[in-house]
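Please keep the structure in view while reading.

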Amino acid sequence: MKSLIVNCDSDYNLACEKIASRLKRDGHDVTKAGIDVKNINKYDNIYLSAIYTWNIPAMIKLVQQITAGTKVEIGGPAASVMADYILLKTGIKPKIGLDARFDSEPSKYLSTYTSRGCIRNCEFCSIPLIEGKTKEIHDFIPAPIVLDPNFLACSKEHIINSCEKLSALPAVDFLHGLDARLLESWHIELFFKKLNLVCWRFTFDSLKNESTLKNVLAMLKNYQIKPAEKIIIYCIYGFSDTPEDAWDRVNLITSLKAHPYAMRYQPLDTLEKDSYIHKNWTSTKLVEFKQLCNIPTMRWLNDLLRRVRTTTAR
Ligand code: SF4
């Protein structure tokens, strides 16, 4: 059985890796490819996964080239959000949410989830829509990049057990950030004891949370964690803020010596990345803001990641 797995995005796609591992175990001849895959009609089964909605048009175009008779499955977070649209355009009903056939597939992965969902309901975020409230995954497979939407919203027992499991890894990075409003001293002590944390990632989406941000940095300072060395703060912008508000947040972060990372708002069902422009912004201001914030931060972060890779490879 010849099976093709298409990752519709350029990012690492955990679902694609799990499907590939499971199908290989079942004896399939598996090919993994990106959205630019050629000769799509030489496979018996095709699985497509999309993380970002703006890659859905390219995915649909690809699906429309597949000849009748091939078994085609579509999934991924973007497909969950855009299920009706995909069905309309391709005649294929996407798999919504997690797929029990593949989700617990044991293998070596780059990323993992110890939990899904979130206790909060931020208007700009698709997690509550796709994953609902926080659900802990007790039998998760440890991997260095933890993608939990809100790890600190999990129970204390789950956080302790997860850190124990993750402690076997040379380094761990909570890529989607930690909820600063939930951080307590015992978390910091536990992370220190159990994990080689690459860096501390938080979000600062509203000036209303200024005191929370300052408190968290002060707490971390008590443990000798220096913002300039270890702390990155995500800032959503272009949603309902103004350029002045966004700059106020970034200037506050830099005044506290942490590293800001600007994340441009994309509507949950956008089919074109960066096409949305809120009335408070202009296209130029949106682009400039991101460049001015992220170029220095990425320079620092890439250097940090290089150093972590060098020390953990020894
Ligand atoms: S806290 Fe984070 S994951 Fe939860 S809804 Fe808000 S943005 Fe999404």
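In this predicted model, Ser111 has Ile145 in β8 as its bridge partner. This pairing belongs to a wider arrangement. Strand β5 and strand β8, which covers residues 145-146, run parallel and are joined by two bridges. In general, the strands of a sheet pair through backbone hydrogen bonds, either parallel or antiparallel.

The sheet in question is open and has three strands, in the order β5-β8-β9, with parallel pairing. At its edges stand β5 (111-112) and β9 (173-174); each has a single partner strand, so one side of each is left without a neighbour in the sheet.

If neighbours within four places in sequence are left aside, the contacts of Trp281 are Gly238, Pro243 and Leu286. Trp281 is also 6.7 Å from Thr242, C-alpha to C-alpha, although 39 residues separate the two in sequence.

Finally, consider the chain as a whole. It contains 11 helices and 12 strands, and 32% of its 314 residues are buried. Of the contacts with a separation of 6 or more, 75% are between residues 24 or more positions apart. The C-alpha trace spans about 60 × 50 × 35 Å along its principal axes. A compact globule of 314 residues would have a radius of gyration near 20 Å, and the chain's 21 Å agrees with this.

Technical notes. Residues are numbered from 1 along each chain as its sequence is written. This is a predicted model: local features need pLDDT of at least 70, side-chain atom pairs count only at pLDDT 80 or more; totals for chains, interfaces and linings use all residues. Two residues are in contact if their C-beta atoms, placed from the backbone, lie within 7 Å. Two strands pair if DSSP finds at least two bridges between them. Helices (H or I, at least four residues) and strands (E, at least two) are DSSP runs, numbered from the N terminus. The radius of gyration is taken over C-alpha atoms; the globule rule is 2.2 Å times the number of residues to the power 0.38. A residue is buried if 20 or more other C-beta atoms lie within 10 Å of its own, exposed if 12 or fewer, and partly exposed in between; C-beta atoms are placed from the backbone.
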